Amino acid sequence: MKSELATKFQDPSRGVYFIGTTPPKSSIEDTMLTDISQKLMDRLNHIEVDGLIVYDIQDESSRTDKPRPFPFMETHDPRKWSNRLSTLSGKPVITYKSVSARSENEFINWLDESWNSYGIRDLVLVGSPSSEGDIKLPLAKAYKCLKQQTQAFNLGGVTIAERHAVKGDEHTRLMNKSASGCDFFISQAVYNPQATIDLISRYARSCREQDVQPKRIILTFTPCGSAKTLEFMEWLGISVPEATRHRILDAKEPLAESIRICRNALEQIIEATIDLKVPLGLNIESLTNRKNEIDASIRLFKLLRATLDLKLAECSL
């Protein structure tokens, strides 16, 4: 059975909407997973999502010299968590997979097991967080390996607007990843709308020059309710302009202010790119397990979905 998301992604007149989440820490016993997953389902009952996104958390300490604000902890297998959430929600789940630590043969076995044992159909492959260290399987080679397999995964890639702002070549990465089989892209969390606008604009131009249809870009947004969360965002490489940092930290209600900032960022992106014919989607996540930020992510989802839906409806008139 192929991915139902692949069909939705092909319709540029509609948005696609996701909640992003991480598997529980591996130290959490299996008996507690039912309660954790049910709490997520209870939150999803109040919103209309097309699916979920489950991340494969990596130790990214090789990417930066700065200490990690929150300690890295191993998690349960993302595939098991994806399968559990898909079964409970009846929704498709996009599963992230970091490929650098496995050999080619191990990766092939992982693909086969993911398809047959866990029902994984929607997949995002992620490369090493840095060029240093022992990279057993580069991302480009993983794409080639996947193309040689018989499973018809709906394949996506990661896009980082901040990388485009520094190197100016993220649009080329998107074109190359599309040629390698990626049919959609998921962004890093957006707090610098101009960087995202620049990337989408340059990507759209490249698509016109090569006479190809742009792939869907799913924009990630996350609420921020504290200086610690903001520190973690910046450690992850999320670009937060100085004025935006001050708006959040100096606000009487930082979470509410961050939600306003995210909505304004989305509105700026839509206004600047809607005529470029790059189909968009939304992924809303919470970067911490704090209840107030998780609850805020659900409020943010409702607000941003309504914002994008309204603009798409206006364009169809």
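## A pair in helix α12

Is Asp309 buried, exposed or partly exposed? In this predicted model, Asp309 is partly exposed, because its relative accessible area is 30%. Its salt-bridge partner is Arg305, with the closest N and O atoms 3.0 Å apart. Arg305 is buried, at a relative accessible area of 17%.

Both residues sit in helix α12 (residues 291–316), 4 residues apart, or about one turn of the helix. Here's the handy bit: an α-helix has 3.6 residues a turn, so residues three or four places apart point the same way.

Glu257 counts as buried at 13% relative accessibility, while Arg260 is partly exposed at 48%.

Asp50 and Lys8 also meet in a salt bridge, at 3.0 Å, N to O. This pair links distant parts of the chain: Asp50 is in the loop between α2 and β2, and Lys8 is in helix α1 (residues 4–9), 42 residues apart. There's a network too, made up of Arg163, Asp169, Glu170 and Arg173.

## A look at helix α3

Pro78, Arg79, Trp81, Ser82 and Leu85 are buried in α3. Down the axis, the buried residues fall within an arc of 160 degrees, so they line one face of the helix. Their cover includes β1 (17–21) and α4 (104–117).

What about the ends? Asp77 caps the N-terminal end of α3, with a side-chain oxygen 2.9 Å from the backbone nitrogen of Arg79. Just after α3, Gly90 takes a positive phi of about 70 degrees.

Notes
Residues numbered from 1 in each chain as written. Predicted model: local features only at pLDDT ≥ 70, side-chain atom pairs only at ≥ 80, totals over all residues. Heavy atoms only, no water. Buried < 20%, exposed > 50% of the residue type's maximum accessible area, 1.4 Å probe, protein only. Helix = DSSP H or I, 4+ residues; strand = E, 2+ residues; numbered from the N terminus. Arc of directions from axis to C-beta. Contact = heavy atoms within 4.5 Å. Polar contact = N/O pair within 3.5 Å; in protein donor to acceptor, adjacent residues only side chain to side chain. Salt bridge = Lys/Arg side-chain N within 4 Å of Asp/Glu carboxyl O.
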